[in-house]
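I have my notebook open and a structure to look through. Here is what I looked up, entry by entry.

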Amino acid sequence: MVENKSEVLILDGDDWLFNYYRPYRKIDQGEFDIEILGRPSGEQAGAHTVDFVPTGWWQGTVPCDLRGMLLENKVIADPYFGRNCDQSRWVEDYEWWLRKSFFVPSSWQGRRIQLVFSGVDYEATYWLGGKQIGKSCDMFSEQTFEVQDLINFNQENILTVRLSP
């Protein structure tokens with residue numbers, strides 16, 4: 001039974017990991033479908049699973065926009081200077097994945113626990129512990145997820161967010 005007391009996890013910080021993948025697309029060719037060749041989508045690569053190892057991912061600060069995190073990592077030039085935004089237009093062609101590990105104390109067991117996202121880019125999918133917990137299609141609406149049944153208390157929890165192009 002869940003207590004009346006609730007807890008909100010605040011996961012802002014500079015310890016998020018992020019990277020990009022080519023979105024999965026099929027081209028309908030009538031009798032045959034052609035899969036876009038190259039790098040797999042993040043879901044095909046298993047980026048949402050707890051066993052996935054994010055080797056080579058950048059570290060970023062949330063809240064922030066993707067270009068801000070890329071600028072923070074010196075991947076792009078300042079997009080707000082001159083015509084630099086044109087040089088980073090490629091960002092819009094990829095799906096972006098963000099991951100964060102966190103711990104929840106056992107003293108929170110039995111309580112209502114919510115993950116609250118105040119503003120996530122337009123189209124997003126959320127996983128906790130490899131299980132999809134929701135989707136959103138509005139960057140101006142708060143997204144709240146009840147997660148008490150998915151939390152591993154006193155153990156690592158993995159939250160993954162995919163931003164679709």
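In which sense do strand β7 and β10 pair, and over how many bridges? I found that β7 (residues 112-117) and β10 pair in the antiparallel sense, over four bridges. Two strands count as paired if DSSP finds at least two bridges between them. Strands (E, at least two residues) and helices (H or I, at least four) are DSSP runs, numbered from the N terminus.

**Before going on**

I noted that this is a predicted model, where local features need pLDDT of at least 70, side-chain atom pairs count only at pLDDT 80 or more, and totals for chains, interfaces and linings use all residues. Residues are numbered from 1 along each chain as its sequence is written, and side-chain values use heavy atoms, with hydrogens and water left out.

**Entry: the sheet**

I followed β7 and β10 into an open sheet of three strands, in the order β1-β7-β10, with mixed pairing. The edge strands are β1 (6-9) and β10, and each pairs on one side only. The twist averages 30° from one strand to the next; here axes are lines fitted to C-alpha atoms, for helices over the stretch in contact, and angles run from 0 to 180 degrees between N-to-C directions. I also looked at Phe 117, which stands opposite Gln 143 in β10.

**Entry: Gln 114**

Is Gln 114 buried or exposed? Gln 114 is found in strand β7 and counts as buried, at 12% relative accessibility. Buried means under 20% relative accessible area, exposed means over 50%, and partly exposed is in between (1.4 Å probe, protein chains only).

I then looked for a partner. The side chains of Gln 114 and Glu 146 are joined by a polar contact of 3.0 Å. Such a contact is a pair of N or O atoms within 3.5 Å; within protein, one must be able to donate a hydrogen and the other to accept it, and residues adjacent in sequence count only if both atoms are side-chain atoms. Not counting residues up to four places away in sequence, Gln 114 touches several residues, including Glu 7, Leu 9 and Thr 144. Contact means heavy atoms within 4.5 Å.

**Entry: the cores**

Which residues have the most contacts inside the largest nonpolar core? They are Leu 9, Leu 115 and Ile 151, in a core of 31 residues. A nonpolar core is a set of buried Ala, Val, Leu, Ile, Met, Phe, Trp, Tyr and Cys residues joined through side-chain atoms within 4.5 Å. At least two residues of this core come from each of β2 (13-21), α2, β6 (95-103), β7, β8 (124-128) and β11. Apart from it lies another core, of six residues, among them Tyr 21, Ala 47, Trp 97 and Trp 127. My reminder to myself: in soluble globular proteins, nonpolar side chains tend to be buried together.

**Entry: aromatic rings**

I found 14 aromatic pairs. Rings of Phe, Tyr and Trp (its six-membered ring) pair if their centres lie within 6.5 Å; planes under 30 degrees apart count as stacked, over 60 as edge-to-face and the rest as tilted. The rings of Tyr 20 and Trp 96 have centres 5.2 Å apart and planes at 50°, so I wrote this pair down as tilted. Tyr 20 is in strand β2 and Trp 96 in strand β6, 76 residues apart. Trp 96 is buried, at 1% relative accessible area.

Why does the pair of Trp 97 and Trp 127 count as stacked? The pair is stacked because its planes are at 20°, with centres 5.1 Å apart. Trp 97 in strand β6 and Trp 127 in strand β8 are 30 residues apart. Trp 97 is buried at 0% relative accessibility, and Trp 127 is buried at 2%. I also noted a cluster linked by ring pairs: Phe 18, Tyr 20, Trp 58, Trp 90, Tyr 94 and Trp 96.

Most residues other than glycine have a negative phi, and most peptide bonds are trans. With that in mind, I marked the bond from Val 62 to Pro 63, which is cis, with omega near 10°. Pro 63 is in the loop between β5 (58-62) and α2 (66-72). Lys 74 has a positive phi, near 60°; Lys 74 lies in the loop between α2 and α3 (84-87) and is exposed, at 75% relative accessible area.
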